[in-house]
Amino acid sequence: MHFTTIRGKVYIDNSGAVTEIPVILTEFGPVIPLVDYLVEKAHVRSQAWMNSLVYVVGLLLDYVAANHDCFDSPKDC
């Protein structure tokens, strides 16, 4: 799976308030659960923490893509 990390602007409501967070963008679109989590934590966590989290999730995506044949059955690996 190919992905890239971008700076995303997330509009929370119709008031025009914007939250900027790092977003992992795949060929299937953004990783929505990660976006939701970062939006929820944006007011209590630092930008460095969010960048580190996105980096770690990217490593997980790389691992899953490199070892995709190991996930057919939990007992295989």
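The legends below describe several close-up views of one predicted model.

Because the model is predicted, local features are given only where pLDDT is at least 70 and side-chain atom pairs only at pLDDT 80 or more, while totals for chains, interfaces and linings use all residues. Residues are numbered from 1 along each chain as its sequence is written, and side-chain values use heavy atoms, with hydrogens and water left out.

**View 1. The open sheet has three strands in the order β1-β2-β3, with antiparallel pairing.** Each of the two edge strands, β1 (3-11) and β3 (29-30), pairs on one side only; strands here are DSSP runs of E with at least two residues, helices are runs of H or I with at least four residues, and both are numbered from the N terminus. Two strands count as paired if DSSP finds at least two bridges between them.

**View 2. T26 belongs to strand β2 (residues 18-26).** T26 counts as buried because its relative accessibility is 13%, where buried means under 20% relative accessible area, exposed means over 50%, and partly exposed lies in between (1.4 Å probe, protein chains only). F3 has T26 as its bridge partner in β2, and T26 in turn has G29 as its bridge partner in β3. A polar atom of the T26 side chain lies 3.1 Å from the backbone nitrogen of F28, and a polar atom of that side chain lies 2.8 Å from the backbone oxygen of G29. With neighbours within four places in sequence left aside, T26 is in contact (heavy atoms within 4.5 Å) with M1, H2, F3 and V31.

View 3. A66 is placed in helix α2 and counts as exposed because its relative accessibility is 58%. A66 and T26 are 40 residues apart in sequence, and their C-alpha atoms are 15 Å apart in space.

**View 4. The largest nonpolar core is made up of 11 residues.** Its members are V10, I21, V23, I24, L34, V35, L38, M50, V54, V57 and L61. At least two residues of this core come from each of β2, α1 and α2, and the largest share, four residues, is supplied by α2. A nonpolar core is a set of buried Ala, Val, Leu, Ile, Met, Phe, Trp, Tyr and Cys residues joined through side-chain atoms within 4.5 Å. In soluble globular proteins, nonpolar side chains tend to be buried together. When residues up to four places away in sequence are not counted, L38 touches I21, P22, W49, M50, L53 and V54.

**View 5. The structure holds two salt bridges.** A salt bridge is a side-chain nitrogen of Lys or Arg within 4 Å of a carboxyl oxygen of Asp or Glu. In one, the side chains of R7 and E20 meet at 3.7 Å, N to O. R7 lies in strand β1 and E20 in strand β2, so this pair ties together parts that are 13 residues apart in sequence. R7 counts as partly exposed because its relative accessibility is 44%, and E20 is partly exposed as well, with a relative accessible area of 39%. In the salt bridge between K41 and E40, the side chains meet at 4.0 Å, N to O, and K41 is partly exposed, with a relative accessible area of 25%.

Note on methods. A polar contact is a pair of N or O atoms within 3.5 Å; within protein, one must be able to donate a hydrogen and the other to accept it, and residues adjacent in sequence count only if both atoms are side-chain atoms.
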